[in-house]
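Colleague: I'm new to this structure and would like to learn how to read it. Please take me through it one feature at a time.

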There are 2 protein chains.
Amino acid sequence: MGEFDLIERYFSRPSKRAALGVGDDCALLAIRPGHELAISTDMLVCGRHFLSDVAPAALGWKSLAVNLSDLAAMGAEPMAFTLALALPAADEDWLEAFSDGLYDCAARYACELVGGDTTSGPLNICIAVYGEVPLRTAVRRAGAKVGDDIWVSGELGSAALGLRVRQGAVVLPDEAHQQAINALERPIPRLALGRDLRGIATAMIDISDGLASDLGHILAASRVAGRVSVDAVPQSQFLSRQPEALRLYCLLAGGDDYELCFTAPPDLQEAVQRAGREAGVALARIGMIEAGRGLEFENSGGTPYRFPTGTNLGGFDHFG
Amino acid sequence: MGEFDLIERYFSRPSKRAALGVGDDCALLAIRPGHELAISTDMLVCGRHFLSDVAPAALGWKSLAVNLSDLAAMGAEPMAFTLALALPAADEDWLEAFSDGLYDCAARYACELVGGDTTSGPLNICIAVYGEVPLRTAVRRAGAKVGDDIWVSGELGSAALGLRVRQGAVVLPDEAHQQAINALERPIPRLALGRDLRGIATAMIDISDGLASDLGHILAASRVAGRVSVDAVPQSQFLSRQPEALRLYCLLAGGDDYELCFTAPPDLQEAVQRAGREAGVALARIGMIEAGRGLEFENSGGTPYRFPTGTNLGGFDHFG
């Protein structure tokens with residue numbers, strides 16, 4: 001199977017919204033008046049972002065979902081994506097399952113494939129997503145203000161625990177096993193929530209490298225400090241039963257959560273909660289923004305949190 | 001050096017035109033009213049698209065230039081690009097030279113880096129470019145009409161010969177050596193020409209996989225046939241002195257030319273020539289569009305061209 005056959009066979013479902021989709025030198029998209037284009041790109045490498053034995057359908061889903069999560073974190077609505085793919089070989093079973101998972105996610109979030117590139121090479125998946133956001137409403141990282149609340153959506157830490165399950169380092173009961181694997185392999189981009197938080201959230205980021213690291217980006221960009229109550233960070237029941245160092249690592253630094261972390265003024269707490277209800281996502285207020293620099297964790301009593309020796313909160317660094 | 005330091009150090013020159021550049025979850029771009037967004041992406045893999053010992057500055061230039069060439073082929077004007085980069089290690093000398101070459105090309109064609117991703121992994125460079133084109137003026141592949149002339153810009157085959165020079169398979173005199181290497185490593189995207197051909201060219205493509213293959217895409221998309229006079233295809237003096245099978249392979253199928261191949265009605269020949277003069281690029285009329293399907297090569301006398309046994313005109317197929 002040649003390169004053009006491969007594209008024709010697995011990656012050429014017709015586009016409905018784009019002015020021009022797969023098959024020319026460029027794709028063409030119309031941006032609605034009064035809107036800006038939001039762009040994000042992620043490159044996924046085998047052994048670094050996914051295990052070599054991951055199910056290709058799950059990989060297809062996740063490859064797009066993690067990009068959509070970046071659109072969610074700006075409050076942007078998905079329009080389209082491009083896919084560049086390096087493959088060691090044109091394995092038809094793999095391609096069929098991968099493209100099915102990819103199109104599942106694309107259909108679920110109304111984001112259509114409009115172009116890309118395929119080549120032979122070590123497995124590498126590079127997606128770029130394109131969204132629209134009304135002018136001057138995109139939620140950036142730099143807007144957190146002293147006194148703002150710090151919020152997160154969903155539960156953190158399950159995906160990081162799921163990775164340890166896949167690696168054989170942790171064993172969970174059946175139902176918890178499946179939940180942790182789902183969290184790892186089928187992340188849900190919080191697009192409706194992100195959109196509903198436009199005009200409410202002052203700063204927002206999606207949690208890909210772990211809460212400590214990603215909230216740290218908001219604090220640095222906004223030139224403020226943050227104080228987070230560890231006990232307020234939402235976690236699954238099965239994570240709460242893990243040994244303390246592992247639990248804290250997964251919860252605060254494991255990453256791959258793709259939940260949203262955002263800040264909002266305290267007088268908008270009701271509006272925040274309404275946005276969460278409308279999007280069908282639980283929200284938790286985990287701390288607040290203060291003057292200064294840096295991130296501190298505390299107990300529910302307000303004293304500095306004592307992490308077990310060796311707890312690693314550094315977050316995921318691809319060259320660390 | 002961590003991932004964020006690496007981005008900060010080598011890939012964070014300030015953007016002037018984008019509403020938001022490197023450093024948030026998404027980049028933000030405003031598209032001018034009356035314009036569409038044109039998007040293209042290319043993934044470059046070591047050993048497949050470039051030699052492992054290529055100078056990193058040349059690689060930086062070419063990585064962006066080949067993407068810009070896709071914008072040129074639609075008649076789009078560059079605005080911005082994103083860069084996703086997998087690196088075996090954070091080699092500072094390599095990164096400095098690569099980013100210098102990349103920014104050279106970006107500055108030359110007013111296309112700014114607005115975001116991206118870096119990770120460790122086998123060397124892989126994935127760029128996506130974003131351009132603007134006035135509504136309904138983008139030149140697609142599917143518009144060639146029976147009776148149209150077929151044109152190409154510049155000279156073909158030099159880059160393919162340059163690859164053989166780099167591989168040690170061909171030796172050229174000094175000046176020709178440098179010209180062939182430049183053609184291979186510093187391709188010039190024909191952006192001004194592509195823009196000037198809007199409203200004149202009926203179909204257009206950039207020649208990345210070789211004239212036979214890429215003109216073939218125009219013919220297939222337009223559902224027409226093409227007849228090309230081999231002697232009319234422009235080549236460099238040094239290519240004309242190569243053995244016939246090598247010369248024809250480089251000229252018609254070698255690829256990596258990044259010249260434009262386009263069709264236009266014969267009554268617009270003067271407008272085509274004017275566009276070439278204004279863009280400072282030589283243009284050659286190499287054949288014409290006919291009813292039917294497929295591509296035929298002929299002698300200047302009009303008889304079918306007799307290729308030497310073993311001449312490969314298949315073009316570059318990444319899974320061939």
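Modeller: Helices (H or I, at least four residues) and strands (E, at least two) are DSSP runs, numbered from the N terminus. This is a predicted model, where local features need pLDDT of at least 70, side-chain atom pairs count only at pLDDT 80 or more, and totals for chains, interfaces and linings use all residues. Residues are numbered from 1 along each chain as its sequence is written, while chains are lettered from A and ligands numbered from 1, in the order in which they are written.

Colleague: Is A:Asp256 buried or exposed?

Modeller: Here you count neighbours. A residue is buried if 20 or more other C-beta atoms lie within 10 Å of its own, exposed if 12 or fewer, and partly exposed in between, with C-beta atoms placed from the backbone. A:Asp256 has 24 C-beta neighbours inside 10 Å, so it counts as buried. Now look at B:Arg136, in the loop between β5 and β6 (149-153) of chain B. B:Arg136 also isn't a glycine and has a positive phi of about 65°, but it counts as exposed because it has 9 C-beta neighbours inside 10 Å.

Colleague: Zooming out, how many helices and strands does chain A have?

Modeller: Chain A has 10 helices and 11 strands. Along the principal axes, the C-alpha atoms of chain A fill a box of roughly 65 × 50 × 35 Å. Buried residues make up 56% of the 320 residues in chain A.

Colleague: Next, helices. What span is expected of α2(A)?

Modeller: The expected span of a helix is 1.5 Å times one less than its number of residues. α2 of chain A (residues 56-72) has 17 residues and reaches 24 Å from its first C-alpha to its last, close to the 24 Å expected. 14 of those 17 residues are buried. In chain B, α2 has 19 residues and reaches 28 Å, close to the 27 Å expected. 16 of the 19 residues of α2(B) are buried, so this helix is largely enclosed by the rest of the structure.

Colleague: What does B:Leu102 touch?

Modeller: Two residues are in contact if their C-beta atoms, placed from the backbone, lie within 7 Å. Leaving out residues up to four places away in sequence, B:Leu102 touches B:Gly60, B:Trp61, B:Ser63 and B:Leu64. B:Leu102 itself is in α3 (residues 92-108) of chain B. The C-alpha atoms of B:Leu102 and B:Trp61 are separated by 4.7 Å, although the two are 41 residues apart along the chain.

Colleague: And strands? How many bridges join β2(B) to β5(B)?

Modeller: Strands pair if DSSP finds at least two bridges between them. 11 bridges join β2(B) to β5(B) (residues 124-134), and the two run antiparallel. B:Asp42, for one, has B:Ile127 in β5(B) as its bridge partner. Pairing crosses chains too: three bridges join β1(A) to β2 of chain B (residues 35-45), again antiparallel. There, A:Leu28 stands opposite B:Ala38.

Colleague: How many residues does the contact between the chains take?

Modeller: The contact takes 55 residues from chain A and 55 from chain B. On the side of chain A that touches chain B, β2(A) gives the most, with nine residues.

Colleague: Last one: which residues touch the most other members of the largest nonpolar core?

Modeller: A nonpolar core is a set of buried Ala, Val, Leu, Ile, Met, Phe, Trp, Tyr and Cys residues joined through C-beta atoms within 7 Å. The largest one has 210 residues, and A:Leu29, A:Ala38, A:Phe81, B:Leu29, B:Ala38 and B:Phe81 touch the most other members. α2(B) gives the most to this core, with 10 residues. The contacts of B:Phe81 include B:Leu64, B:Cys111 and B:Ile127.
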